[in-house]
Amino acid sequence: MLKPKVAIIGGSGLYQIDGLEVLEERNVETPFGSPSEAFVLGKLEGVEVAFLARHGKGHRILPTELNFRANIYAIKSLGCDSILSVSAVGSLQEEIAPGHFVVVDQFIDRTQKRPHTFFGEGLVAHVAFANPVCPTLCRDLIEATKKVGVQCHEKGTYVCIEGPQFSTKAESKLYRQWGADVIGMTNLQEAKLAREAEICYSTLALSTDYDCWHEEHDSVTVEMVIATLQQNVEMAKEVLKTVLPQVASKEECSHCRSLSHAIMTDKKFIPQETQEKLKLICGKYL
Ligand SMILES: [Zn+2]
């Protein structure tokens, strides 16, 4: 029975990883429903990993339709304590050219209708989220991009929009004024839920094209975007292979205890049903 410590969530274009020695496909059910897809468990560079195609095989699930809670809960139930999330993004800054990578360190939430917490139903908890990603994972990712030789920006703010439409020019310009660097549709809920589940989380954002604020935007063809996406995904796989041994041997950090002072509700008022449902997430504190 494999016991991976590291989960990889693959976004647009990253539906499988070459070189991954697949040992098992595992369906995981959760109290929050089904994850996007069966997890692919295997070994990459000798390290046990759990891989999840975020949008399902064949890219069938809209960002709004993603069951983020089931995805993160399932990763927790597999025993993983680190998540490397890979996502295609649009660039909001001239210096983040198509083909560049960004190790995201901040988020802005522009989503509207997504469940983004495990809590509720009689259990109130507030986790710290000022620093939404794990600095250790980020450091390891940055080092790996250097080894692989990909252009990497060592920090950046990711604005997460609802989609599925891309942004308007007015929105794109607004996000630039806010200081956002890249734009995407999926990673913020993952980061929030991972924090609640006491899992270290990081985002490797792959710049596919400039968002619509840029004058180049209209002249870029779909073929060019897809070519960049594919090239990015190939490089991202190399970065993952390089970083994995490091991540697998990572020591426990503060995110592994993010709930220790977060639960507000007096234990005796928490409904039994809720306690059962959230046992995996916070049972040790109840
Ligand atoms: Zn951490």
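Reader: Which residues are linked with Asp18 in a network of salt bridges?

Author: In this predicted model, Asp18 lies in the loop between β1 (6-10) and β2 (21-26), and Lys237 lies in helix α5. The closest N and O atoms of Lys237 and Asp18 are 3.3 Å apart, which falls within the 4 Å that a salt bridge requires. The network that contains Asp18 also includes Glu234 and Lys237.

Reader: How many residues apart are Glu121 and Lys277, the pair that links distant parts of the chain?

Author: The side chains of Glu121 and Lys277 meet in a salt bridge, at 3.3 Å from N to O. Glu121 sits in the loop between β7 (106-110) and α2 (135-148), while Lys277 belongs to helix α6, and the pair is 156 residues apart.

Reader: What is the nearest side chain of opposite charge to Lys250, and how far away is it?

Author: Lys250 is placed in the loop between α5 (222-248) and α6 (272-277), and leaving aside neighbours within four places in sequence, its contacts are Ser82, Thr136, Leu137 and Cys200. Lys250 is buried yet has no salt bridge, and a salt bridge would need a nitrogen-oxygen distance within 4 Å. The nearest side chain of opposite charge is Asp81, at 5.2 Å.

Reader: Why is α1 described as largely enclosed by the rest of the structure?

Author: The buried residues of α1 include Phe68, Ile72, Tyr73 and Ile75, and the charged Lys76 is also one of them. The helix is largely enclosed by the rest of the structure because the number of its residues that are buried is 8 of the 10.

Reader: Which residues does Thr64 touch, not counting residues up to four places away in sequence?

Author: Thr64 lies in the loop between β4 (47-53) and α1 (68-77), and it is partly exposed, with a relative accessible area of 25%. Not counting residues up to four places away in sequence, Thr64 touches Lys113, Arg114, Glu162 and Gly163.

Conventions
Residues are numbered from 1 along each chain as its sequence is written. This is a predicted model: local features need pLDDT of at least 70, side-chain atom pairs count only at pLDDT 80 or more; totals for chains, interfaces and linings use all residues. Side-chain values use heavy atoms; hydrogens and water are left out. Helices (H or I, at least four residues) and strands (E, at least two) are DSSP runs, numbered from the N terminus. Buried means under 20% relative accessible area, exposed over 50%, partly exposed in between (1.4 Å probe, protein chains only). Lys and Arg count as positive and Asp and Glu as negative; His and the chain ends are not counted. Contact means heavy atoms within 4.5 Å.
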